[in-house]
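Morning, everyone. I have one model to go through today, so please bring it up on your screens.

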Amino acid sequence: MSEALYGDIILDHYHHPRHNGVLKKPTHRADADNPTCGDQLHMEAIIKKGTITDLAFTGTGCAISLAAASLLSEKLVGRSTAALKKFTPEQMLDLLGLALSPNRIKCGLLALETAQKLIV
Amino acid sequence: MSKWRKEFPALRRGVVYLDSAATTLKPKSVIAAEQKFLENSGVSVHRGLYPLAEEATAAYEATRSAVAAFIGCRDPREVIFTRNATEALNVLASGIVRTLKPNDAVAVSELEHHSNFVPWQQAAQQHSNTFAVLPIDEQGTVDLKTINKRTAVLSISALSNVFGTEQPIAKIIRQVRAKNSKMIIVLDVAQAIAHIPIDVAKLNVDAVVFSMHKLYGPTGVGVLWARRDLLEKIPPFEFGGEMVDRVAPAKTTFAALPAKFEAGTPNVAGVIASGAAIAFVQKVGYSAIAHHTTTLTRYAIEQLAMHFGAAVQIIGALNPGTRHGVLAFTYRNYHPHDIAQILGNHGVCIRAGHHCAQPLHDRLGISASCRISLGIYNTKEDIDRFIAALKNVDQVLG
């Protein structure tokens, strides 16, 4: 199972992350980190009338956490804040398409935690 | 080639195990001792009056005596079996701090493992005593400048699980006792015990702690040694059966040592098997361990420099003789979790994270690192496989 962890999709998003950077005039900002391993994510969004019109992230972290941020950002642009609020950890792990061991699940979920902090 | 490799059945799975600082693999003799006890007996200790119980009790207490002799302790009643070193440190921190006066301070170093940091911090905070964290100098040695007469307790590790560096313990003890002759000194030998002989009669400390699972023994058995007068002074940590003398609604009195600190049914099979672990280490011998580890550590440092140059940064000084087989490192800006995962895919077992030493990693300005650590079963081929797997990390993440 773990051989599949660093497959093409994950490495693509790790090396060429989508929505990586900062926005000109974000309406929302959030930070989250995982002190046990040093993964840190910062997310910014432009939210207009309950819709996420743009999203960007920066941060340091393992390939899984950064690929997750890239995949999630791609997924969320154009969606409603209600959809973000309802987004479950299971859906996040599905999006990653990986069978993560318990030790790596936190890496996979950090992006979702950060994104949901945007709309708290 | 290590002549001890064949004693370790788990190596048949073909892994390169480089995580002995986390826990050591188990030799056949230890596995057999536990199995034999469970197959032939498996009964509890200290209570039963039937022959099986007396036999188990004798074996359990024989291990206590063997551990006492192993660490230079003349009175086995000063040896307490716990679940692990972490529990031993909780027993000491909670007990000792409760006997301190309001102005007494508790000191640990900034390179301590969380098990030798958090219990003291929490006990000090609860009891309103000052909790001081001593810095380390450039060589990774504990800086004692801020210790004064009010420092009532000092708890430090003899060997860092990140740097691998040995503290100059004899010198430190002399210096702190000169500042406060009544200071209680606790020595965490969890990492050191598999590499350096510990003689509590010569060390002039008040307590030592370690876990058997880092000494080729089973998990679930820790050792707390402390001077008799200290153990008699501090309150018990856990209460229940075995540790009591007389129980009544108005008042309960506690048992004498060592039972006072051994509440409930212990890990009987684990303690008995620990006797076999002590015997194994005595058979191999500390000088053989030191020679083996130093040789391999030197080889690992050389190979890393040769194949990776500055791309791999080893944390701490490069003297192989004092590192005792512990090498924490970073590799470019690759995340340690990714490195460890990819190495794991190649059958190479290393550790990644902050190794339960967040304060140290904060001080070093890094969030996480990788770590290899050597045991008596490791070989040059293991290091070669590790190097080859590390090269693969570049191909995947580069």
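I will take the interface between the chains, then one histidine, then the aromatic pairs.

This is a predicted model, in which local features need pLDDT of at least 70, side-chain atom pairs count only at pLDDT 80 or more, and totals for chains, interfaces and linings use all residues. Residues are numbered from 1 along each chain as its sequence is written, chains are lettered from A and ligands numbered from 1 in the order written, and side-chain values use heavy atoms, with hydrogens and water left out.

The interface, then. Chain B puts 14 residues in contact with 18 residues of chain A, where contact means heavy atoms within 4.5 Å. About 1,300 Å² is buried between the two chains, and carbon and sulfur atoms give 51% of that; buried area is the accessible area, with a 1.4 Å probe, that two parts lose on being put together, summed over both. In chain B, H335(B), H337(B) and Q341(B) lose the most area to chain A, together 36% of what that side buries.

There is one salt bridge between chain B and chain A. It joins the side chains of D338(B) and R104(A), at 3.1 Å from N to O; the rule asks for a side-chain nitrogen of Lys or Arg within 4 Å of a carboxyl oxygen of Asp or Glu. Helix 11 (336-345) and helix 13 (380-397) of chain B each give two or more residues to the side that touches chain A. Helix 11 gives the largest share, five residues. Helices here are DSSP runs of H or I, at least four residues, and strands are runs of E, at least two, numbered from the N terminus.

Next, H292(B), which is in helix 9 (residues 286-308) of chain B. Is H292(B) buried or exposed? Buried, because its relative accessibility is 18%, and the cut-offs are under 20% for buried, over 50% for exposed and partly exposed in between, with a 1.4 Å probe and protein chains only. Its side chain reaches the backbone oxygen of G375(B) at 3.4 Å.

Last, the rings. Over all chains there are 14 aromatic pairs, meaning Phe, Tyr or Trp rings (six-membered ring for Trp) with centres within 6.5 Å; planes under 30 degrees apart are stacked, over 60 edge-to-face, the rest tilted. F70(B) and Y286(B) are stacked because their planes are at 25°, with centres 6.0 Å apart. F70(B) is in helix 2 (residues 51-70) and Y286(B) in helix 9, 216 residues apart. Y216(B) and Y377(B) are edge-to-face, 6.0 Å centre to centre and 80° between the planes.

Methods: A polar contact is a pair of N or O atoms within 3.5 Å; within protein, one must be able to donate a hydrogen and the other to accept it, and residues adjacent in sequence count only if both atoms are side-chain atoms.
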